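Subject: Structure handover, with notes on charged pairs

Dear colleague,

I am handing over the structure below, together with some notes on what was found in it. Please have a look at it before reading on.

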Amino acid sequence: MCGIGACLSRIGENVAPKIVKMLKNLEYRGYDSAGVAVLDLDNKISLRKGVGKIDKLAKELKFDEMKGFIGIGHTRWATHGAVTKFNAHPHVDCLNEIAVAHNGIIENYIEIRERLERLGHKFLTQTDTEVIPHLIEENLKNNSSVLESLKKALIELKGAYALVLITRREPDKIFFARFFSPLVIGINDRDIYLASDIPAFLEWTRKVIILQDGDYGFVSRDNIYVRNLFDPSVKSRNWVLVEWTKEMAEKGGYQHYMLKEIHEQPESIRRTVIMVSKQINGVIELLENAKDVYLLAAGTSYYASLHGQYAFAKYGFKSRAIVSSEFLEEVGSFIDKDDLIIGVSQSGETADTLKALRYAREKGARIIAITNVVGSAITRIADKSIIMGAGPEIGVAATKTFTSQVATLNYLILTWAKEHGADVDYLMNKLLVVHKDVERVLEKNEKKAKNLSEIMYKRNNAYYLGRGIGLPIAMEGALKMKEIAYIHAEAYPAGESKHGPIALVTHDFPVFGVVLKDETYHRMHIALEEMKSRGGFIVSVNEVNDQDTMRLSDYHFVIPENYSNILAPLLYVVPLQLIAYYTAIKRRLDPDRPRNLAKSVTVE
Ligand code: AGP
């Protein structure tokens, strides 16, 4: 989704190069156009924007040559209005005195725009955002300060926003506001930064203020002024020192963030298990006292949640995984104060997930959040938060956070099961050392994945089949292939594949099988045989000693023995991630920046 990067220099340096760097650091969020506005040395707003990637725009528009000590920048992911130069942010008022960059959606922009047009305001774009500078321009006519005018505008706006604003009226400040969409402030001796996400400024500071819903105010050289629309007692916000380092948010010698993050999984799983074990207090009690338990998430986080449902079921714990955007219609009317919702979100900012959780909270349900980002919106809705230790994930396609989510959910259920007398020591001990085998899986399968990409890159379709614990793995594998290699990949419960999907299978149609040596094994084989006898090209991920599966397959990827249990996704997903990655590379696609996708989806 849109990214905001703004900077105020405390020592009189030009900020444009830093703003451009921040926008580059936020490229993973997804965007189609970008722009920068600074208050120049004559106290005028200088604005440059266009369609395309930052590097191209920086060259064409010479962002770096813009002079000014205060500025705002934006990468736009179109929601209202086509991808055009005019619709790119920042947007200005009629007098060119106010520039605004915004992430989110202003739901009542049409009525505000019509009213302002009747008052004589001229609009140049089709965006919802453009009403904001005009509304503030209008409010300023009553001789109020910029802060008062901003506050008045915020009270009128409906929807979601993170916004930054500069104006000639008060040229020493960057104004800001946040409601639903994320916005953080970074501080050091030289600058103050405002951004949609911490990695934007991680190379300059780890000292961060995480703004909360309803916060608004301004930053100036020596002041960070924060007030809250709903809570008059807020007079400031404390800063925190984030543990993420600059190196963590860099490529570290890998060609892409995605590949780096795939390789980081041994470490991210190890760290997550340790971190989760320290945050487990109170969680089992919540599980214990719940009537119904729902796991709520979107995309990859949903597949991790579906794994949670299967893993919980293995120990006799009933739960249900639900896609966030379907939650209200599917089960909304059943939710009450005795229920427990486990919200799973890497970013902690996914609009669909937050909306469903807020609804559940209003109904009195208890909420556990599993997220990767300290202070993210989900943690403020939850009764109890569990922060995973995956570290920053920059690649749009989630990889290491999927395995961290699975590790977290496994840790929860094993702890619960142990308290109920189940013998889980073997699996718990294995979870503590599984990272070593993830390392082996990476070593054994990377070259093979690269080889298979030579075949896969010419294909347009694929099936991914799994059963039981294998099904969410197949689903996640297919999502990776779709997201970054743009191959139509569909995941099915293997047994369901004969009820329709098999009609497509002819000579050389790729069928991926996640084959676990558990109670599903023979039925999984039947499905793969059915595919093979119709000409399917079978690619299996199976245990290293599983001769029968390897005989049946045209291509196979091997996993160490004794993981055909709830730990399976931590290993079996790895070859599927690598296959998607190398297929995207072979297709000359950029896996870090897949088209139409955004890292955190902050609109509904
Ligand atoms: C995963 O590869 C996708 N980028 C996407 O499906 C993602 O998992 C989804 O948008 C949920 O995000 P969250 O975990 O930050 O809530």
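The notes that follow concern salt bridges between side chains.

Please keep in mind throughout that this is a predicted model.

The side chains of Arg 190 and Glu 13 meet in a salt bridge at 2.5 Å, N to O. This pair links distant parts of the chain, 177 residues apart, with Arg 190 in the loop between strand 9 (184-187) and strand 10 (191-195), and Glu 13 in the loop between strand 1 (3-9) and helix 1 (16-25). Arg 190 is partly exposed, its relative accessible area being 41%, and Glu 13 is also partly exposed, at 28%.

A salt bridge at 3.0 Å, N to O, joins the side chains of Glu 519 and Lys 314. Because Glu 519 lies in the loop between strand 22 (510-514) and helix 16 (521-532), while Lys 314 belongs to helix 9 (residues 299-314), the pair ties together parts that are 205 residues apart in sequence. Glu 519 is exposed, with a relative accessible area of 55%, whereas Lys 314 is partly exposed, at 40%.

Lys 24 and Asp 55 also meet through their side chains in a salt bridge (3.0 Å, N to O). Lys 24 lies in helix 1 and Asp 55 in helix 2 (residues 54-61), so this contact ties together parts that are 31 residues apart in sequence. Lys 24 is partly exposed, at 24% relative accessible area, as is Asp 55, at 45%. Both residues belong to a network of salt bridges that also links Glu 27, Asp 590 and Arg 593.

Conventions:
Residues are numbered from 1 along each chain as its sequence is written. This is a predicted model: local features need pLDDT of at least 70, side-chain atom pairs count only at pLDDT 80 or more; totals for chains, interfaces and linings use all residues. Side-chain values use heavy atoms; hydrogens and water are left out. A salt bridge is a side-chain nitrogen of Lys or Arg within 4 Å of a carboxyl oxygen of Asp or Glu. Helices (H or I, at least four residues) and strands (E, at least two) are DSSP runs, numbered from the N terminus. Buried means under 20% relative accessible area, exposed over 50%, partly exposed in between (1.4 Å probe, protein chains only).
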